[in-house]
Amino acid sequence: MSRSAEPKSVQVQLAAGTGVDIEWQDGHRSHYSFSYLRSVCPCAACSARRAAQGWQPGAPRTMRFDDLGTLGAAVRAVKAEPVGKYALRFHWDDGHRDGDYSWDFLREVCPCAACARAKDDVSAV
Ligand SMILES: [Zn+2]
Ligand SMILES: [Zn+2]
């Protein structure tokens with residue numbers, strides 16, 4: 001089954017600071033806290049940093065924010081802007097803004113229990 005990584009609606013809760021809510025075309029709903037999104041930032045620098053600490057954005061279930069040093073702080077987005085039609089870019093209050101969060105990526109790192117279970121099934125050895 002291919003995922004339909006096209007959002008039906010996207011709400012970035014900048015004022016409330018609670019994160020991002022996405023409803024997908026297939027009816028699935030995802031909620032991402034800002035600190036979670038910041039911790040899975042797909043930019044090269046953050047990816048390298050995570051790799052150095054032994055974990056990857058494809059495995060959000062096992063992420064431990066405490067391991068991330070300053071990345072684990074309660075970061076908030078101060079601005080969100082579209083990147084073409086395929087991604088969102090956040091400006092974080094720690095000054096970082098290099099990551100483009102594509103819809104595919106966001107769907108992939110959806111932290112909900114159902115998606116975590118689906119990943120378990122796939123990665124179970
Ligand atoms: Zn980054
Ligand atoms: Zn999900």
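Two strands are counted as paired if DSSP finds at least two bridges between them. Helices (H or I, at least four residues) and strands (E, at least two) are DSSP runs, numbered from the N terminus. On these terms, the bridge partner of Gln13 in β2 is Gly19.

The structure is a predicted model, in which local features need pLDDT of at least 70, side-chain atom pairs count only at pLDDT 80 or more, and totals for chains, interfaces and linings use all residues. Residues are numbered from 1 along each chain as its sequence is written, with chains lettered from A and ligands numbered from 1 in the order in which they are written.

The predictor's confidence in each residue is given by pLDDT, on a scale from 0 to 100. Its mean over the protein is 82, and 78% of the residues reach 70 or more. Residues 61-72 have pLDDT below 50. Beyond near neighbours in sequence, this stretch has 14 contacts in the model. A contact requires the C-beta atoms of two residues, placed from the backbone, to lie within 7 Å.

The protein has four helices and six strands. From the N terminus on, the order of elements is β-β-β-α-α-β-β-β-α-α. Among contacts between residues at least 6 apart in sequence, 42% join residues at least 24 apart.

One open sheet holds three strands in the order β1-β2-β3, with antiparallel pairing. Strands β1 and β3 stand at its edges; each has a single partner strand, so one side of each lacks a neighbour in the sheet. The twist averages 10° from one strand to the next. Such angles run from 0 to 180 degrees between N-to-C directions, and the axes are lines fitted to C-alpha atoms, for helices over the stretch in contact.

Strand β1 (residues 7-13) pairs with β2 over six bridges, in the antiparallel sense. Gln11 stands opposite Asp21 in β2. The two strands form a hairpin with five residues between them. In this turn, Gly17 has a positive phi of about 75°.

Strands β2 and β3 pair over four bridges, again antiparallel. Glu23 has Arg29 in β3 as its bridge partner, and Val20 stands opposite Tyr32 in β3. Four residues separate β2 and β3 in their hairpin. Gly27 in the turn has a positive phi of about 95°. Gln25 lies in the loop between β2 (19-24) and β3 (29-32). A residue is buried if 20 or more other C-beta atoms lie within 10 Å of its own, exposed if 12 or fewer, and partly exposed in between, with C-beta atoms placed from the backbone. Gln25 is partly exposed, because 13 other C-beta atoms lie within 10 Å. Gln25 and Lys8 are 17 residues apart in sequence, yet their C-alpha atoms are 5.0 Å apart in space.

Another open sheet has three strands in the order β4-β5-β6, and the pairing is antiparallel. Its edges are β4 (77-83) and β6 (100-102), each with a single partner strand, so one side of each is left without a neighbour in the sheet. Neighbouring strands of this sheet are turned by 30° against each other on average, direction ignored. Strand β5 (residues 87-92) pairs with β6 over three bridges, in the antiparallel sense. Arg89 has Asp100 in β6 as its bridge partner.

Of the 125 residues of the protein, 18% count as buried. A nonpolar core is a set of buried Ala, Val, Leu, Ile, Met, Phe, Trp, Tyr and Cys residues joined through C-beta atoms within 7 Å. The largest such core has 18 residues, of which Val20, Leu37 and Leu106 touch the most other members. At least two residues each come from β2, α1 (34-39), β5 and α3 (103-108). Strand β2 gives the most to this core, with three residues. Leu37 touches Gly19, Val20, Tyr32, Phe90 and Tyr101, leaving aside residues up to four places away in sequence.
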